[in-house]
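Please examine the model before reading on.

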Amino acid sequence: MVRFVDVQNMIRWVTDRGVGPITSGMVTALERDFARWPAFDKSPRVASHSPIGVIELMPASDSETYGFKYVNGHPSNPGRGYQTVTAFGVLADVDTGYPTFLAEMTILTALRTAATSAMAAKRLARADSRVLALIGAGSQAEFQALAMRASLGLETVRVFDVDPRATAKFVRNLAPLGFDITVCASPGEAADGADVITTCTADKQNAVVLPDEAVRPGVHVNAIGGDCPGKTELDPATLRRADVFVEYPEQTRVEGEIQHQPADFAVTELWQVVAGQRPGRTSDEQITIFDSVGFAVEDVCALKYLREDVTGTDYAVEIDLVADPDDPKDLFGLVAARRPVGV
């Protein structure tokens with residue numbers, strides 16, 4: 001039997017545990033897995049692009065656990081009444097190949113993305129950071145704010161979105177939770193006075209949603225919206241005057257902010273910072289950028305964290321996913337027992 005966390009149980013789990021505590025726990029789990037990054041079998045995601053979106057498979061494994069996520073990205077979906085991103089994920093036992101765990105990942109991906117941003121900001125933002133700017137107030141925004149508060153203590157948020165309904169939604173959701181929120185008229189206004197800036201827009205196009213002049217010395221930028229070829233959020237000039245940190249260069253050079261930079265454009269892999277092999281922030285004047293496209297190791301880590309936390313609870317149910325005959329060589333016997341052969 002395979003344990004399964006469906007949407008309603010995921011909602012119960014998040015409601016009961018809390019976004020802040022979950023993302024804090026995920027940060028710790030991510031730090032453990034990033035510190036042993038070479039132990040993972042890694043590859044860029046497998047993407048199927050269409051004119052209106054992308055569908056992707058994201059696999060990763062170590063010596064014990066294989067996992068993958070199915071995820072889409074369709075920016076026009078909200079106008080048709082659908083989510084921009086949906087996802088589910090699977091864990092399997094490397095020793096037998098049997099799937100062991102299945103979960104919705106639309107909500108879980110938002111949690112792991114926020115936790116990864118927080119993990120990066122812990123190492124790359126200034127220690128005295130107090131103000132968060134969000135460029136984009138869509139589905140990811142609240143999770144980002146809550147994760148940053150839980151891990152860095154940021155409670156002052158400056159937010160901008162081209163859609164006033166999105167900013168109104170953001171204020172409605174987070175103001176009751178004690179955030180000091182300023183709705184801004186432009187990305188530059190949002191970035192003014194911010195210590196950490198997160199760009200999280202959805203349109204699949206090369207764009208500059210954060211002007212170079214808005215990125216001041218000492219700022220840390222989490223650029224999390226770039227996730228496919230042809231989509232960017234930052235001015236290339238900003239990249240050239242910053243230190244850029246990435247998850248998996250082979251994927252980021254195709255999909256991330258650096259996709260239009262030369263092949264020898266210098267980057268630091270975030271796992272090396274987590275493992276203590278490379279420095280993160282080295283001065284208060286330094287501009288740091290986490291060019292995050294989302295990587296499968298993060299998804300496998302999130303699934304493992306969820307599996308561990310729901311084991312022995314009613315958040316997970318068992319489903320009969322794998323055909324498992326008493327005689328491993330007699331698969332046909334499972335169906336032949338139901339009716340005469342050939343009928």
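At 33% relative accessibility, Arg17 counts as partly exposed, because partly exposed lies between buried (under 20% relative accessible area) and exposed (over 50%), with a 1.4 Å probe and protein chains only. Its salt-bridge partner is Asp309, the closest N and O atoms being 2.6 Å apart; a salt bridge is a side-chain nitrogen of Lys or Arg within 4 Å of a carboxyl oxygen of Asp or Glu. The two residues are 292 residues apart, Arg17 in helix H1 (residues 7-17) and Asp309 in helix H10 (residues 296-310). Helices (H or I, at least four residues) and strands (E, at least two) are DSSP runs, numbered from the N terminus. Asp309, at 25%, is also partly exposed.

The model is predicted: local features need pLDDT of at least 70 and side-chain atom pairs pLDDT 80 or more, while totals for chains, interfaces and linings use all residues. Residues are numbered from 1 along each chain as its sequence is written, and side-chain values use heavy atoms, without hydrogens and water.

The structure holds 19 salt bridges. One of them joins Arg45 and Glu255 (2.7 Å, N to O). Arg45 lies in the loop between strand E2 (41-42) and strand E3 (46-50), and Glu255 in helix H8 (residues 249-255). Arg45 is buried at 9%, and Glu255 is buried at 6%.

The largest nonpolar core has 71 residues; such a core is a set of buried Ala, Val, Leu, Ile, Met, Phe, Trp, Tyr and Cys residues joined through side-chain atoms within 4.5 Å. Helix H3 (residues 106-124) gives the most to this core, with eleven residues.
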